[in-house]
Amino acid sequence: MELSNKRILLIISGGIAAYKSLDLIRRLRERGALVRPVMTKAAQEFITPLAVGALSASHVYTDLFSREDEQDVGHIRLARDTDLVVVAPASADLMAKMANGLADDLASAVLLATDRPVLIAPAMNPKMWEAPPTRRNVATLKADGIHFIGPMAGEMAERNEAGVGRMAEPLEIVKAITALLAPGDRPLAGKTAIVTSGPTHEPIDPVRYIANRSSGRQGHAIAAALARLGAEVTLVSGPVTIPDPQGVSTVHVERAEEMRDAVVSRLPADIAVMVAAVADWRVASSAGHKIKKQPGEAPPPLQLAENPDILKTVGHHENRPRIVVGFAAETQDVVANGSSKLERKGADMIVANDVSPETGVMGGTRNRVKIISGGGVDEWPDLDKDEVAERLAALIAQKLVG
Ligand SMILES: Cc1cc2nc3c(=O)[nH]c(=O)nc-3n(C[C@H](O)[C@H](O)[C@H](O)COP(=O)(O)O)c2cc1C
């Protein structure tokens, strides 16, 4: 079991997502971890210490000034007798305390006293997540070496609220914990990778642009999967609403030409995976001011110019990476179009997917891909985009290091 006898101190703070930490406890114990829970006072408004204690098969620690637990300065022992401290969910409040070194309850005192790695899974309303104080606290915590998983984009518990703020799913948190505690094989250690992701935005004028429906989920997942295998990954991302992945250095761009420049300036690299849905065309000369609608006048013509072909540029570059993978988003003749791309673009592998609206691939969470290489076509089943990423990263590692 991958987390056999690993000691995890799980701090549960007060948020709706606390119910998911019950499942997290189960998942961790299934993998052999020993879970010791700490609950804040607010957490106990959402789930009971009884449920947490039953699932973890452990005493649940709730009070800093507990006569029993503090006989031997228990909060310091809790902080040290563990392999990893996990905070899930991490409330905005607890993050603020951590960033400022407050220690007025058991959870915050343990977090201040610990010398072990700390992983936090924030969960809050998107407005709380975007609020300037939270932004400042996130930056401070990252600078302090705190590991983050999420938050993710999606629907909130509150009606009609969506955005970034959902706690990562328990299995995602387990993956992050495993990567920290049992890194196992890192076949891509010492290798560098460049991944592109998301759409590009091609300006028409300062306020309007041409775009597509790419969410960045697949490219971001691939960047994270390569990093988990030990690669040093640069992700060049177009405009997306999902958070930067863990353990990856992310560069944000808008236009195809910016994306090309960001990619080329990072060569040489060992691996390139070009996932971004780069716009084929840009507006030949975008206006420097907002184009005004004139009564009685015909709509302005849009003259398009061809954008750089980033995959082809990388595939034929003098510093061509040893493995170049391209994505082919097609709506017709997926294999034929993917195969013809392989040679034209100088790629080793094309991941072809059908992005017809009925497949729900573009913007969705699942993908059904065909891997086209010199060796033929391998058809993968319908998978979660994270699973596609894991498999692809493993395949790349196998091709690169055997
Ligand atoms: C119904 C309800 C839901 C809440 N959900 C969250 C949440 O998801 N994230 C968050 O940061 N705070 C949330 N709060 C606010 C926290 O519970 C509050 O800031 C509390 O003081 C946090 O305490 P703690 O950090 O000690 O656990 C919620 C409050 C209520 C009443």
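This is a predicted model: local features need pLDDT of at least 70, side-chain atom pairs count only at pLDDT 80 or more; totals for chains, interfaces and linings use all residues.
Reader: How is the open sheet of five strands put together, and in what sense does it pair?

Author: Here the order is E2-E1-E3-E4-E5, and the pairing is parallel. The edges belong to E2 and strand E5 (147–148), and because each has a single partner strand, one side of each is left without a neighbour in the sheet. Helix H9 (residues 170–181) packs on this sheet, where H9 touches E1, E3, E4 and E5, and its direction makes about 160 degrees with that of E3.

Reader: Is strand E1 mostly covered or mostly uncovered, and how many of its residues are buried?

Author: Burial is read residue by residue, and for E1 (residues 7–12) the count is five buried residues out of six, which leaves the strand mostly covered. E1 pairs with strand E2 (residues 34–39) in the parallel sense over six bridges, and within this pair Leu 9 stands opposite Arg 36 in E2.

Reader: Why does Ala 51 count as partly exposed?

Author: A residue is called buried when 20 or more other C-beta atoms lie within 10 Å of its own, and exposed when there are 12 or fewer. Ala 51 has 14 C-beta neighbours inside 10 Å, and therefore counts as partly exposed.

Reader: Which residues come nearest to the ligand, and which helix gives the most to the shell around it?

Author: A shell is read first by its members and then by the elements that supply them. Of the 15 residues around the ligand, the nearest are Ser 13, Gly 14, Gly 15, Ala 42 and Ser 91, while helix H5 (residues 92–100) gives the most to the shell, with three residues. Sorted by class, the shell holds nine nonpolar, five polar and one charged residues.

Reader: Which residues of H5 are buried, and what covers them?

Author: The buried residues of H5 are Ala 92, Leu 94, Met 95, Lys 97, Met 98 and Ala 99, and their cover includes strand E3 (84–90), helix H6 (106–113), strand E4 (118–122), helix H7 (126–130) and helix H8 (132–143). Just after H5, Gly 101 takes a positive phi of about 70 degrees.

Reader: Which members of the largest nonpolar core touch the most other members?

Author: In this core of 56 residues, they are Val 195, Ile 222, Leu 226, Met 274 and Val 325, and helix H10 (residues 217–228) gives the most to the core, with seven residues. Not counting residues up to four places away in sequence, Leu 226 touches Leu 188, Ala 193, Val 195, Ala 231, Val 233, Ile 271 and Ala 393. A second, separate core of 54 residues includes Ala 33, Tyr 61, Ala 168 and Val 174.

Definitions and conventions
Residues are numbered from 1 along each chain as its sequence is written. A residue is near a molecule or strand if its C-beta atom, placed from the backbone, lies within 6 Å of it. Helices (H or I, at least four residues) and strands (E, at least two) are DSSP runs, numbered from the N terminus. Ala, Val, Leu, Ile, Met, Phe, Trp, Tyr, Cys and Pro count as nonpolar, Asp, Glu, Lys and Arg as charged, and the others, Gly among them, as polar. Two residues are in contact if their C-beta atoms, placed from the backbone, lie within 7 Å. A nonpolar core is a set of buried Ala, Val, Leu, Ile, Met, Phe, Trp, Tyr and Cys residues joined through C-beta atoms within 7 Å. Two strands pair if DSSP finds at least two bridges between them. Axes are lines fitted to C-alpha atoms, for helices over the stretch in contact, and angles run from 0 to 180 degrees between N-to-C directions.
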